[in-house]
Structures are given as structure tokens and as C-alpha cells.
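Trainee: I am new to this structure. Please show me how to read it.

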Number of protein chains: 4
Amino acid sequence: MMIIMHPGASRQQVKDVVVCIKDQGLSPHIIEGVERTVIGAVGDSRGISPDVFSTLPGVESVVRISHPYKLASREFKAEDSVFPLDGFSIGGKEIAIIAGPCSVESRDQLLEIAQAVRQAGAHALRGGVFKPRTSPYAFQGLGEEGLEYLAEARQLTGMPVVAEVMSVAQIEAMVKYVDILQVGARNMQNYPLLRALGEARLPVLLKRGMSATVEELLMSAEYILAGGNDRVILCERGIRTFETATRNTTDINAVPVLKSLTHLPVILDPSHSTGYFEFVTAVARAAVAAGADGLIVEVHSDPAHALSDGHQSLKPEMFSEMVRQVEAVAAAVGRCLAPVRNAAQG
Amino acid sequence: MMIIMHPGASRQQVKDVVVCIKDQGLSPHIIEGVERTVIGAVGDSRGISPDVFSTLPGVESVVRISHPYKLASREFKAEDSVFPLDGFSIGGKEIAIIAGPCSVESRDQLLEIAQAVRQAGAHALRGGVFKPRTSPYAFQGLGEEGLEYLAEARQLTGMPVVAEVMSVAQIEAMVKYVDILQVGARNMQNYPLLRALGEARLPVLLKRGMSATVEELLMSAEYILAGGNDRVILCERGIRTFETATRNTTDINAVPVLKSLTHLPVILDPSHSTGYFEFVTAVARAAVAAGADGLIVEVHSDPAHALSDGHQSLKPEMFSEMVRQVEAVAAAVGRCLAPVRNAAQG
Amino acid sequence: MMIIMHPGASRQQVKDVVVCIKDQGLSPHIIEGVERTVIGAVGDSRGISPDVFSTLPGVESVVRISHPYKLASREFKAEDSVFPLDGFSIGGKEIAIIAGPCSVESRDQLLEIAQAVRQAGAHALRGGVFKPRTSPYAFQGLGEEGLEYLAEARQLTGMPVVAEVMSVAQIEAMVKYVDILQVGARNMQNYPLLRALGEARLPVLLKRGMSATVEELLMSAEYILAGGNDRVILCERGIRTFETATRNTTDINAVPVLKSLTHLPVILDPSHSTGYFEFVTAVARAAVAAGADGLIVEVHSDPAHALSDGHQSLKPEMFSEMVRQVEAVAAAVGRCLAPVRNAAQG
Amino acid sequence: MMIIMHPGASRQQVKDVVVCIKDQGLSPHIIEGVERTVIGAVGDSRGISPDVFSTLPGVESVVRISHPYKLASREFKAEDSVFPLDGFSIGGKEIAIIAGPCSVESRDQLLEIAQAVRQAGAHALRGGVFKPRTSPYAFQGLGEEGLEYLAEARQLTGMPVVAEVMSVAQIEAMVKYVDILQVGARNMQNYPLLRALGEARLPVLLKRGMSATVEELLMSAEYILAGGNDRVILCERGIRTFETATRNTTDINAVPVLKSLTHLPVILDPSHSTGYFEFVTAVARAAVAAGADGLIVEVHSDPAHALSDGHQSLKPEMFSEMVRQVEAVAAAVGRCLAPVRNAAQG
């Protein structure tokens, strides 16, 4: 950490900072500048709050030098993490596509969509059964009934299944049915949940909060990693900005930024990051061109009657065309789509 | 809802929208404009998603006319909600001040600060025992041990106690010790938690999420109200913007906006909304001038050694001066601070 | 426009709105809803401010139905606008790459970079001579001397030249030397400048302001179009958000959104939209994958000694590699780079 | 400046940075940390771009220590700047209120409003004659004709006059008629304009850009100060955020932040910062409570027929009430409204 003193800080105030640095087990290095003094605090400061110094008299500000995360960093692990799943892997050269309805609405709806996305080239199936809805009066998901349909869809299509977990209490039931536990944007900083997922045996798909920085996303991943679960997949799903032409603003920069900072796989959700089906395919192409390791896309066979997020769902035939276009872009950047192995019954 | 058709929408597409409106139990009203057709859908559309219409062919966009919340609205209840607490009430003419440390760190620390803030004029005591920390390596709170200290501080000072609840599982223990359950910014859209608090017997202090709109804050309040708990106190605590000179941006507009939209009490947290103790007093004055019903402020007797948020904590003497200044502003806007009754042992 | 009345609005207030609508030459259509009345105002309302209605007693809000721009819209002109330039065109199937230094610093610097980017496949040369710098103490550009170097570089390489214009007074000198006039992000709403450019004979490259919405960008284009200059090229260059990992946030959504709303060509500036040379190539690929018609990229042969924006400049060899990669992505989305014709002397 | 090296930077790379620091006339101070090396560059670095260092191999990032502005800083001038105007002064203990219509629409309209705001307690008159409008089809202001009305209103009421200048070319005409030149939010970084105002003889009211940081606002002030004009009044007018309940988000934090960083007067514009007349008075009170030196408020006697910004304009009687309330808050914070001297004919 670098402690920057006020221009008018006294010699005694500088001395007090030096004492405080030593108290924390760090070594002080004083640089006397023209206008102000800067004091470097050398040592492992990951567990030390900048407030320890910033609240001392005469201190103007404190600048962190190191990243606050460790296990998630490229410095900790230089090579890309690759997580094998049922029939494909994520994080390697191959690009994975997760698709399915926003909400599981009925057995028929799910099985129909699952088969359609499988045929179109999806590698895993998404479908929400516990739904975080802004309104208490909106459809809140089928709950455990929906989990059974997901399991049936998995058996039918051979695709692993992703579903969102909203609370610690839901984990136990979910691990029996699903293959990847998704943490939604609204729960990215739900620390009891992250901590519990650190002990789960399943990979976690961690979505970026809608106003979370890239660093905060990595800190949330760090919670899961520090708990002992090293299979975290990061997901950019759009951030909240002043722009109202789209539901969110896809932070495409986050893809190469994350790939440079972390070894974890990075995927993108163009359905939420745009909010309009018209723009999903263009942004899906952009994600892969920017270096994303995968996509998670909402597909619905009857968007007009979807119980949630209909407006951002692709119909199966549009999804099929999206896969084709994404495949071409993947090849252009030296990658390829993961192969689709034969389904159990497919 | 108003359904706005594309300029090139066909007659058949308009007809299909009309059918869909009727299917939803609403009445269609067609307005043929110069460029495009607009169709009003009249009736109670609170439970109907705009997607039902926005995904139909030929539809350009759908505009909601009514607010999506009901119980929280002024239209539902015109007069201000006033919640009596132990020794004062919140939401009426009197302004309430909640103060205390960010985290409960030890028995001595808490009791010292509790007595200091009481003496300075605080009406309730805050103190976190389950702490939502960005880093898994930072101090996470004393947990249940801290709750006991809070109860002791209440007995000592006579002040009701506010503490943050982070998960459904914590509620049971907390209701035994605290008087107001706080939902932090990161959990404003933790719906299982909100739902559980709808069944709690205690008032809930609901903090605005750092990128939540005023409407979303009201929707989260609606979850609690719809669950049967009508005592929700709203708290503006700063939003996330591009400005880095302060930790957050105090959305002072939100105070009069909320007061116009809802009957619920509105308080402001100038500690988090600025992030620097130097600016807390000025923003506390502004909050009361803008019409806030109360303040929640971080106070620490030794900010340099606080285990969290030291940089935004006032020392007791600064807090005391803040109370004095806020009192003067309250009088200027025709209000007053709630009286401080004698403590049990005070 | 739709005028939405307060739930408690009186009959007389509705009548007054109806009179006001007629006064504006529009036709009123009343829809009586369950909670409130909505009044449609039918007719060409482009020149009418919503305030005319929103300030009337009993009115809650006013919703615009039509876009406020006309000449820039797809509805005005359905097919893509294609602007031929010297040796290539922009807005058609071919993708154009504009490259060069942030600032023209010297004759040698410019000529060296110009030749390097030409060899690497650039179609046009960029270079600032009037520089908008945040600090009055920073290098402000070479001014007219720089224009002469640009003209020389054009002659040497055969590339048309793009330079930023900061004020009406500079236009006269610039049109003698440059081929495209660039409006920087800070001047996107400099209306006297836009108006003057409406009368210029050169194409205008209009950069999006750092907190401008897509609609505001189109309104600024409308100023130029309405002035009689129909050659406007839109440029996404990143918007300002809370994220600090990059200089700006590339709004990749804006590419397909703009392509759907307007017939004007849309290009992207990955240098400013990321701020770090490490991320420029990834975002350049993404832009083309998303449907951009071109790129504008900062290149410097000695970024460490650049007088501005060194950190986001590619070295010529990195730029060359970027062109190669962008070319592959262009092919994947059914497009190609514009051919590079032989330079005058090249 | 502090140059932070990559964890894997080589000894040679550190040496190269040291050489570069010396080349810039600064002194290097090396701190070898556990993970990485940090090098302090001591000396006056105001004119040196961080890019000089950030682009060197092995450098991770560069942190500025000093503020980039000088003349605007409290370090340059500790005591508040107070600018005497005709009949009152701004920046001292007294609070000044500037009021008037958004646009000068006619002689009658202006004179009526001017007299009304004077009677209600305003100290200066605002009124736009060159209007920056988002739409080229909207009313653009009366131009020089409006200036004459402003001069007449000044003579009639004795109030100094504030009007917005949009380009260098307008300055010459305006200085003949107005007392304070206003730079609007959209022109805060119009550097040719700022430079020209540095040579003007009139005080400049500089509005913060809608996505400008506090530091950028001060850098724009620095342009004017560096040009020789030391009378700059800063104005917070709301920033652009994700919140749509109000037109902008009043950054009330900016008031105490600016007062701590600069000696220049700071005023607030609650009309633009909220966008709705209902919220103007509450935010005006908040501004003065937070320490603002003045207010600039839109007043219109017939807001429904205003040619611009009607929805955020107070009627004269509401303005009068606002002045009364602001006066009470001013007293509560130890200040007072500037006295209103008798008008020429008043």
C-alpha cells in the first residue's frame, strides 16, 4: 500500500504513520516529494484494510498496489482453468453454449425447448425454477417440481443442466438434480450463499452483479474458491448504465479484461446484456470474437407466452441460426464450438 | 398498458394484438396515429408482463401506465406511516437518528460507543454482527456473540437496536436480540430474505441497492409489505455512479421523490453515501433539509482501528456536533429531533 | 404523444388537456382506464415539447411515441447509406479501417506512422492537430502546421485524412487539408459546430459523447443532416460508467441498435473505448462481429513517447496483426475489408 | 507519480523506468515490495503524462499523487474567493440566488418574470438567448434580440444578468449586455470556448458536465483561470446516472467535496438537477444545508407555455416560497441570504 500524506502534514504525523505501518507487520519506505510525502508499506497487506492508515491524521489517501484477490488471479495460476462437464468442457479451446428458457414453466414446455436447443447445437440446458422477480406479484418459478423436469430433460437430451440457486436452503435439493449451480446478478454479493457454494461439489456459474466492477466479480469468485470449490465460471451479463435503448449495457471490455486477470472461464449472456432478441445474435458473435469461452442464451418456443423475459428470448430457429454464425466467428478467432455428442435417446 | 405498433405494422398484426389484450382480460382501445397505431389495454394489468405484448409481431414497444407497486404507494395510503419504537417514533414530524459502529468489534467497544452516541442525542443504536464484506479475508463480524453485546447496550442505554440480517437463517436468532432488522444494499433484491421478513414481527430498515432505481426499492418494500409486515423504513445510502471523489453518490433527489410516491418513512445514511467522514455532517444536514425522516450514521471512538469502514466513521465529538447542526436544520424546515428519553440506567 | 393523467385528476383537468391538444393542432383520443385516464394526441408532434402537456394540472407524465429524429431514421431511408471516399467506401459491405496517431507530433512521426498503417492495411489516416485536452498544461496539438503534415501524408500514401475539428473557426482551414471532419465526444452537443458542419462539403465522423444515449447521438446527427450535409458517420467510442478497469465501457450493444435505427454507417473506436492497447484487438474483432462498418484505431510507432494517449496506442506490428484478425472475423460475418488501392507514390 | 511494476518485471525493466524518470527531470525512489516493485517519481509532474511511464515494458500502472489542477486548488489559495457583483457578492457568507426563465421568449415574458423574481428575493436574473437544444427542430433562442431584453430587465430591476454563451463568436456581443457568462453542461469541455473566456473581463458561471467528475470540472475551471480570468463560479447541475425518476441525479456530495478542494464559489441548480418543479424546493434547501454559496433556479410565470424546460420551472409564487424556506435553512447553517438592494426603478 502507498500512503499519501496531505501537503501540510507534519513530521509527527508522518512518524505516526510509520509506527502504524510497523504495527501491521509491514515495512515503511518514505519518499519525500516536492509537495507531499508518500510512504510505501511493504509486505503482504491482503488482510489489512486501507482504513487503518486512511483515518490517521495527516493522511490524504491510501492506494492499494496488489489485487485484493489471490486464488482467482493469473498470478496464482497462469494457465486457463478447464472444467470438464458431461460431454464437453468449458474454459479450453472449445466454446460451449448453454441455452434454454428463462423459467421452467411446464414439463412440455421444457422438454420441447430442450430438444430444440440440443438439435440446434447447445451443449447444456438452462432453466430457472426459483426465479428472482422484481415484483412479488410475478411468477416466481415452479420450485422443486421444475427441478424434476430439468432432470428429465437431461436424461432425454444428454445435456447437463444449469439452474439458479437463490438461497443456501435451496442448495441441498438442487445438487440432486442439476449439474451447474448458477448465482444470479442480484446475488453476486450474497456472501452466505457464496460461502455455502464454496463447499458444494458442483461447478458454479457466477453472474456479474449489475453494478459490480470486474474486481468485485473476482472477489465474489474468491469467496467460492477460498471455500474449497475451484470450479467457478464467470459470466458477463450486462451492467447498468444511463443508456435505456437496451435493458443493460454489455460490457464487452470485461471479456478480455477478465481473461487477462484470471484463469477462470468467462462466458457471456447476450439475452440479459441486451434485453431484446433482435440484438442477441450480434452480441453473441461479438462475445466470441472478444474471446469469451461460452454463451448462455435464453430460448423459448413461444416467447409471446413466456412467463418471464419473453422479449429477450430467441425462438429455436433463430437460436439455430445464432449457433451457425457463432461457429463461423469461433473459427475466425482460432477456436471451435464444443462437439455435441449423441444424446442418451437423441 | 399502451402497446405501440411499428410504423409498418399490418392490419392483421393490430388485430392480433387486440385479441391478445382481450385474452388477458383487458379492454383494447385503438388510436390510429399519423405514423403508427397505439393500442391502450385498459384494466388491472399489475400481474401481466409487458412481454405478453412486446413479443407479438408488429409491436415496437410497450409502455406501462401504472406503478408496479401497490401497498407501498401513496395512492394506497395517502397519509405518512408512523412507526412507534421504544421511546420515539419514525415517520412523523420528529426526526430520528440511528448511530453506532459499522461492526460490533468487542463488548467494550460497543458499550463505549453506545453510551457516547446516546449522550450526543442518538435515538437508536446500530451495529453489524454479520458483515457483508467484499473480501473473504476481511473481518466478517462477531455473529451471535455480537448480538448479546447489542442487547446489553440496549439495556444500558435504553436505545432500540438495529442490526443487519444477511440470510433467512439468521432471522430467528436476531429477533431475540434486536428491534429493527436491516437489509443491506447488497441484499435489497434477495427475495427469499425479503419474503421471510414479510413474516417477521419487527420493523425492517430496507437499504437501497447501489444500482437500484427508486422504483425497484419500492418493489422490494412491496415484497415485505405483501408478506404482511407493514413496517418498512426506506434508506437512501448512495448509488454507484462514475464519480470517484466519494465512495457513492448521495441521491438527494430520492428523498423528495420517495416522499411523494410512498407513505413509508425515508431515512438517509450519509456515512455510506459519501464514504468520508469529512463530508458526513454536510450531507446529514442536506438530508434533513430535503425532507428525510431520519439518519443512520456510523460512529467509532477509534476510527483508525475500526475493523471496517473506519474512514467514514465520525468520532463521538464530531457526531455530537452533527446532531446539533442537524437539529438547527430540522427546526428550519418545521421539524424537530425526537426527544431522547432517559435511559434505563442512564 | 400519450398524456397520462394522475389517478385523482378531475374531469375538468382532462377537458383542459383536450383543449390544449387541439390548440397544438393535434387530435385527442381519450382512454378511460381503471385507475387513470390516458389521452392520445395524434398528429405530427415532432416540433412540440412534451412540456406543453406535462405542466398542465392533473397530468402525471407524457410519453413520446415517435422518435424525435427524422432524417437519420431507417423510416426515412430504409437502405444503408454508403459514402464513397478516396479509394474505398464506408457503409456498404466492405469494412474500412482508419488508423494513425492520436496527435500529429511532427512531420517525421506522422509520415512514418502513415506509411506503416498503410502497409498494414489501413484505408484512411487519422491524426489530431487541435487536441481537446483535459489539462490546460498538456500538449494542445500542432494546429495548422499539423494540417500540412497530414496533407503531405495523404499525398505520400494515397489515404484520405481524418482530423478533429473543435470549433467553427477551424473549419475553414481544415477543409483545405482534410477529407473527413471528426467531431469529438466532448463536442457531440456543440450545436453551433454541428450547425456549421451541416453546411460543410465534407463527410463528418461524429463521435458519441461519453454520456450520450444512442438517441442523443442520432439527434446530433440530425443537426448535421438537417443542415444539408447527408454524409454523417457515427462512431461508438465507449461510454462512461462506474467500471474503472478500462478507460471507458465499449457499448457493443450500440452497434446493432444503431444499425436497426439508422441508415448511417456505424464505426467503433476500440482505442478510446478500452483505453489500453492490450484490449484493443479483442474489441476491434468484437465490433466487426457485432456489425460495425469500420474501425478507427490509434497507432503510434513509439507509444512511450507519444504526447497523448500513448497507453491506448497500438504499435504498427500489433496493428498489422489486428487487421489480419479483423479480416478473418469480417469474412466470418459475410463481409470483407475494403481493398487497399495503390498509393499515389506507394 | 508512483510507477507500479508488474510482478514479473525484470531488473532491466525497472532500470529503464528509472532512466525514463530521470529523463523527465524527476527523481526516482525504488521500493521493492514482496510481490512487485514500486517506483516513486519525485518532482513537479503536472506537465508530464502518466503515459510516458505506463507504456514502458514491465509497467502495470501509474498512480498520480498530486491534483492535476493548481490555480483552482485550496493549496494555491486557502481562503474562499469572493466575487463582488452589482449589489451583492458571491462566495462569502451570504447566499446568492439567481433566477429567471430557461429561455428569453419575449420582452413581456422576460420583464414580467424579472420583476417577479426580484420581488421574491432574487439577486440576479438568468435567461437563455442562445439555447443548446437536443433537437434541431426545437426553439433555439432569440439570439441578440434576447440580449437587449436582458439589458432592459437589468435596468428595470437592478439585477445583474446571467446568460449562456455557446461559442467563441458569441462572446463579443454578450459582454456588452450581460454581467456573468454561463458555460452550459454540454460545453464544459469546449476548450476553445474556455480559453476565450480566460481572456474575458466577466465572471464565468461554469456548469458541471453531465458526466464530468469533480476533478474534470476543476480542470475546466483551471483553463479559465490559467487564461487570466480568476472569477469562476462552479455549478453542480446534476449528473447522469441510471436513475430515471428524475432528469438528472443531484450530486449533493459534490458541494462539500468542491468546497474542500477549491476556493472558488460553488452554487447548485436544482431545476436541472431534478427536472421536476415538485422537487426543486426540497433540493434547493438541501444545497444550502450542504454548504452551497448560491442557487440558480428556473422560474416561469406560465410554465405550460414555456418554450423550453417548462416542467422544471417554478411559478413565481412557488419561487417566493422557496426563497423563504432557503432563508430559514441558511440561518440554520450560520449564513444568510444576500440583501436585496433597491432596484433602479424598484
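Mentor: We take the interface, then a single residue.
This is a predicted model, in which local features need pLDDT of at least 70, side-chain atom pairs count only at pLDDT 80 or more, and totals for chains, interfaces and linings use all residues. Residues are numbered from 1 along each chain as its sequence is written, chains are lettered from A and ligands numbered from 1 in the order in which they are written, and side-chain values use heavy atoms, with hydrogens and water left out.

Trainee: What area is buried between chain A and chain B?

Mentor: The size of an interface is often given as the accessible area lost when the parts come together. Buried area is summed over both parts, with a 1.4 Å probe. Here about 3600 Å² is buried between chain A and chain B. Carbon and sulfur atoms give 54% of that.

Trainee: How many residues are in contact?

Mentor: Contact means heavy atoms within 4.5 Å. By that rule, 41 residues of chain A touch 41 residues of chain B.

Trainee: How many salt bridges link chain A and chain B?

Mentor: A salt bridge puts a side-chain nitrogen of Lys or Arg within 4 Å of a carboxyl oxygen of Asp or Glu. The count between chain A and chain B is 2. One of them pairs Glu216(A) with Arg240(B), their closest N and O atoms 2.7 Å apart.

Trainee: Why does Met219(B) count as buried?

Mentor: Buried means under 20% relative accessible area, exposed over 50%, partly exposed in between (1.4 Å probe, protein chains only). Met219(B) is buried because its relative accessibility is 2%. Leaving aside neighbours within four places in sequence, its contacts include Thr134(A), Pro136(A) and Tyr69(B).

Note on methods. Buried area is the accessible area (1.4 Å probe) that two parts lose on being put together, summed over both.
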